[in-house]
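Okay, thanks everyone for coming. I'd like to walk you through a few spots in this one, so let's get it up on the screen.

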Amino acid sequence: MAPALSGTLGASSVAALRPCAGRRASSAASSVAPRGSGAARCPRGIRWEAERRRGRLVMVRCDAAVAEKPAGEETAGETFEYQAEVSRLMDLIVHSLYSHKEVFLRELVSNASDALDKLRFLGVTDSSLLADGGELEIRIKSDPDTGTITITDTGVGMTKDELKDCLGTIAQSGTSKFLKALKENKDLGADNGLIGQFGVGFYSAFLVAEKVVVSTKSPKSDKQYVWEAVADSSSYVIKEETDPEKMLTRGTQITLFLRPDDKYEFADPSRIQGLVKNYSQFVSFPIYTWQEKSRTVEVEEDEEPKEGEEATEGEKQKKKKTITEKYWDWELANETKPIWMRNPKEIEKTEYNEFYKKTFNEFLDPLAHTHFTTEGEVEFRSVLYVPGMAPLSNEEIMNPKTKNIRLYVKRVFISDDFDGELFPRYLSFVKGVVDSNDLPLNVSREILQESRIVRIMRKRLVRKTFDMIEEIAEKEDKEDYKKFWESFGKFIKLGCIEDTGNHKRLAPLLRFHSSKNEGDTISLDQYVENMSESQKAIYYIATDSLQSAKTAPFLEKLVQKDIEVLYLIEPIDEVAIQNLQTYKEKKFVDISKEDLELGDEEEENKETKQEFTLLCDWVKQQLGDKVAKVQISKRLSSSPCVLVSGKFGWSANMERLMKAQTLGDTSSLEFMRGRRIFEINPDHPIIKDLNPESPAELGGKIYEMMAIALGGRWGRPGTEEAEAATGEASVEADSSEGTVTEVIEPSEVRPESDPWRD
């Protein structure tokens with residue numbers, strides 16, 4: 001017995017204890033206070049123990065006793081079976097598992113393939129099972145007139161008991177039981193192509209059928225049985241086939257009586273053939289469909305007599321004529337073999353190209369392909385392609401749901417509708433097939449469940465894709481990579497933004513124009529190789545065009561020092577470079593921002609700063625809040641001045657891009673825009689001629705320089721004319737009004753597209 005209460009109480013408290021109710025309470029109380037120590041039992045199973053300690057204090061111990069049952073008298077609980085409303089359960093299986101009605105054919109063909117596979121395995125040990133049954137094949141015949149579809153296979157068939165187990169028991173998979181038996185019998189081996197695993201695929205027939213009839217004959221039995229069920233019913237019928245015309249040699253025949261609303265779509269032979277080619281094209285057994293064909297035949301007909309002539313019956317001449325005759329015959333629907341199941345060494349490049357064109361409806365050969373098998377924790381086979389050109393539709397660009405990756409499980413098509421599970425968005429242009437035997441699928445086999453296996457697959461697919469692209473880049477013939485970059489360069493730049501984990505694989509693939517390679521693009525590796533030992537950074541300038549980059553005044557000193565500058569002319573370029581930050585321990589530096597360090601700080605520059613400190617302070621005072629600072633420039637050689645962005649915040653190019661956003665947030669513009677730094681060139685004649693002692697003259701020239709600095713994007717037509725007009729206006733004002741200088745505001749010469757425009 002476990003103790004329920006233990007404590008130290010006073011004598012009066014002990015006397016007040018009432019462990020039992022009713023008339024026995026007084027006797028229980030008196031039994032608690034004997035001389036020395038004592039014990040009492042309550043008739044309700046409570047035992048009290050008391051002992052005197054140090055005068056009035058008494059230790060009271062109360063144990064609650066539970067009546068123990070004799071061994072063997074414990075009552076066992078009743079066992080109940082789960083109850084289910086079968087018709088409701090069937091409705092859930094049929095209408096809740098599958099997204100598209102057309103998958104019924106995939107499931108039934110997969111079942112037929114499993115039946116053929118089982119027979120092939122069993123025939124290894126018992127060849128009599130394969131006797132007198134014909135070839136291992138599947139035939140599908142649709143009849144638009146009667147609204148039926150008949151699927152026949154020459155597989156293992158079923159006995160009456162197997163019909164009850166496989167079709168009469170929901171969610172019992174005959175394939176799973178067969179696989180279990182295979183694993184137990186190691187002599188037969190476990191390497192197989194069996195598809196079924198859930199035991200509910202057969203019931204997908206009720207997606208389109210109001211009645212299903214299954215006629216089957218097993219080589220183990222002499223009798224043929226018919227299983228028949230109606231949709232929305234909780235029962236089925238099994239009977240023995242007695243009609244000699246409907247007898248099968250071996251296998252199973254499933255007849256679907258289509259619903260009225262599905263009859264016109266799925267009873268069409270061409271529709272059936274299209275579904276087979278889409279879902280079951282790579283099933284390892286031949287699939288024949290009943291198709292209407294045409295042929296030309298020669299027929300003889302009586303020649304019409306000429307006018308005025310009457311020919312007797314025996315003198316009529318026969319004339320041959322060619323006509324087109326229509327007829328029905330079986331046509332092989334799965335001609336294409338699964339190329340990924342073959343040894344890559346045995347496949348020619350032309351075969352890969354033909355498979356690519358046929359599978360993805362392309363007309364150009366791919367730029368590259370890779371064929372590989374991954375083993376270990378995850379086993380799958382794959383063939384991936386880099387297309388020969390970019391998508392023509394803008395909707396397919398950067399769209400993760402491009403249907404470019406076709407997923408197969410044991411050669412049966414599952415889905416091509418993925419949202420980044422297998423490939424990241426920036427590699428959505430890659431096309432190919434992936435086939436695995438143990439992917440984590442839901443019961444409908446349409447949705448790829450998120451799991452560790454899928455993440456491992458994604459990582460390996462991405463790695464193989466990078467290897468394939470690098471092979472293109474390393475070819476001696478640079479035209480292939482030039483085509484790739486023109487088509488998919490934006491995708492690689494997007495990867496620099498979205499996938500920080502693969503920067504080391506992405507950065508070597510980038511290509512840019514530069515001050516030394518305006519006509520062609522160079523890689524970052526080439527840039528680093530061309531760097532001098534004293535150069536500590538990778539310099540770039542971001543503009544809207546190649547012409548703007550070439551004529552920007554920021555380049556002057558760098559070109560003079562033979563330092564190469566990258567031209568970032570695409571809107572995505574600057575964001576991609578900012579996300580990379582460094583390459584081979586070299587930082588990326590924007591030459592349009594302040595504090596540009598070229599590694600040549602000399603005493604002469606310090607002296608120049610001291611000489612022009614007064615001028616810079618006076619210019620800042622005159623310009624006020626228009627600029628944050630005025631300083632001596634390190635980047636100019638031929639221009640008198642330039643306006644640069646602050647170290648923090650957006651560059652002028654980025655601000656231009658953000659202003660152009662249709663749905664951009666205008667409230668963030670002021671917060672993120674960089675401060676303006678006005679830099680002057682102390683070696684330019686205009687700056688040398690400035691006289692701080694003449695404020696009026698100085699003011700006019702300062703604003704003239706501001707007009708040059710704010711004259712819009714460099715290299716634009718009309719900029720020089722605007723600057724010239726500004727200078728002439730300033731000179732005329734000075735000559736006509738003497739000491740009163742007419743000041744022309746910079747806004748008067750700035751175009752609408754100027755990034756610094758308020």
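When I say that parts are in contact here, I mean heavy atoms within 4.5 Å. And keep in mind that this is a predicted model.

Let's start with helix H19, residues 652-659. Of its 8 residues, 6 are buried, so the helix is largely enclosed by the rest of the structure. The buried ones are Ala-652, Asn-653, Met-654, Glu-655, Arg-656 and Leu-657. So what do the buried residues of H19 pack against? Strand S20 (537-542), helix H16 (573-580) and strand S25 (641-645).

Next, have a look at strand S5, residues 138-143.

If you want a landmark, Arg-139 sits opposite Thr-152 in S6. The hairpin these two strands make has 4 residues between the strands, and in that hairpin Gly-147 takes a positive phi near 70°.

Last stop is Val-454, which you'll find in helix H10, residues 452-473. Its relative accessibility is 1%, so Val-454 counts as buried. How far is Val-454 from Leu-439 in space? C-alpha to C-alpha, the two are 7.7 Å apart, with a separation of 15 residues in sequence.

Definitions and conventions. Residues numbered from 1 in each chain as written. Predicted model: local features only at pLDDT ≥ 70, side-chain atom pairs only at ≥ 80, totals over all residues. Heavy atoms only, no water. Buried < 20%, exposed > 50% of the residue type's maximum accessible area, 1.4 Å probe, protein only. Pairing = 2+ DSSP bridges.
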